[in-house]
Amino acid sequence: MADPAPRSLFRDLSLPAVVAGFITVLVGFASSAVIVFQAAQVVGAGQAEIASWMWALGIGMGVTCIGLSLRYRMPVVTAWSTPGAAMLVVGATALPLSDAIGAFVLAALMGALAGFSGVFERAMRRIPVSLASGMLAGVLLRFGLDVFVSVSTQPLLVLAMFATYLAGRRLFPRYAVIATLLVGVAIAGGQGLMYVEQVRLQLARPVFTLPTLSWAAVFGIALPLFIVTMASQNVPGVAVLKASGYDAPISPVVGWIGAVNTVLAPFGGYALNLAAITAAICMGRDVHEDPARRYTAAVSAGVFYIVIGLFGATVAAVFAAFPKELIATLAGIALLGTIGNSLAVALKDEGEREPALVTFLVTASGLSMAGIGSAFWGLVAGVAALLVLRRPAR
């Protein structure tokens, strides 16, 4: 879907794209930052090192979002590995910080090699669009459901936001999500649900940790982190791009993410990868009717990520000020169009409908085995169903 003609970022940029970038960062940060903080503490990072981790991750996500999206004129969104952070919380307690940092460097190098060598892309090219779309719908289903689950705890806030979105889709569709955000913030502020008194302006400083490596770090952190990041993060990330109609050059994209990750790993950038859930926010019709102009949402997200990197502690406090129901409702509403489109694509081909449905159900189930999340196992189950049910060509 790349546009052969040269494009101007400032001409393509729009307010809905900027807001989509902000929502992408808000949802990504608010949903999993606490796990990253826990992972840093488990491997022995102090307050200065934790701030450095946020600096490295924010800068890394910002640079890759902006650079890759501008290079390919596609919404390439990156993220930290949430499953990778969860794995560190569980399995990295007995190793010194320098060994953990060495494992981060090694895992990032393996990611770069898997990307630039083309091995990862060749495997991903074999996944049908119907299965990729079913997986994406399964990943995002929880966010759509959370809109209505949140009604039980904050009915006024959630119902007002939902009503604003419906009215906005009818009267001013491009700005419906923006209006929803503004109404949500206004109501939350009026009800005293915004805790802005904890916000303090403070710059984060990078802290370099000299990497060391041990066999325990290689087999206990590096290899599991590489496998989990590739299977649970990059595989769904590529599927999101594919399901949204973007034929991105996967090898250089994954390779450059790994290269940037390698540089930032000694400062706490434990794992960077393609985003899936947050990436879908930048690829919907609410960003722009023209898919070729949606890359500006990913660029906007990159700018916000860099701000997070520079003001890690401050931004953490800002995002913590938002009530969780506001964030859940905003994410679900922003993803409604993508969920609907993914289901339509997944079920369109009658010959692949059942395998796509299996992919959707397994992914939506939340199944986790061997430390790998349901998105990967959904694709595995869908491919297996497709192989069994596909009739041989005559």
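1. Helix H11 is mostly covered, with eleven of its 15 residues buried; buried means under 20% relative accessible area, exposed over 50%, and partly exposed in between (1.4 Å probe, protein chains only). The buried residues of H11 include Ile250, Val253, Val254, Ile257, Val260 and Leu264. Helices are DSSP runs of H or I, at least four residues, numbered from the N terminus.

2. This is a predicted model, in which local features need pLDDT of at least 70 and side-chain atom pairs count only at pLDDT 80 or more, while totals for chains, interfaces and linings use all residues. Residues are numbered from 1 along each chain as its sequence is written, and side-chain values use heavy atoms, with hydrogens and water left out.

3. The length of H11 (residues 250-264) agrees with expectation, because 15 residues at 1.5 Å a residue should span 21 Å and the end C-alpha atoms are 21 Å apart. The expected span is 1.5 Å times one less than the number of residues.

4. Rings of Phe, Tyr and Trp (its six-membered ring) pair if their centres lie within 6.5 Å; planes under 30 degrees apart are stacked, over 60 edge-to-face, the rest tilted. By this rule there are nine aromatic pairs. One of them, Phe148 with Phe162, is edge-to-face, at 5.5 Å centre to centre and 75 degrees between the planes. Phe148 lies in helix H7 (residues 129-149) and Phe162 in helix H8 (residues 155-171), 14 residues apart. Phe148 is partly exposed at 48%, as is Phe162 at 22%.

5. Trp215 and Phe219 are stacked, 6.0 Å centre to centre with 25 degrees between the planes. Both are exposed.

6. Ring pairs also join Trp53, Phe104 and Tyr270 into a cluster.

Notes
Helices (H or I, at least four residues) and strands (E, at least two) are DSSP runs, numbered from the N terminus.
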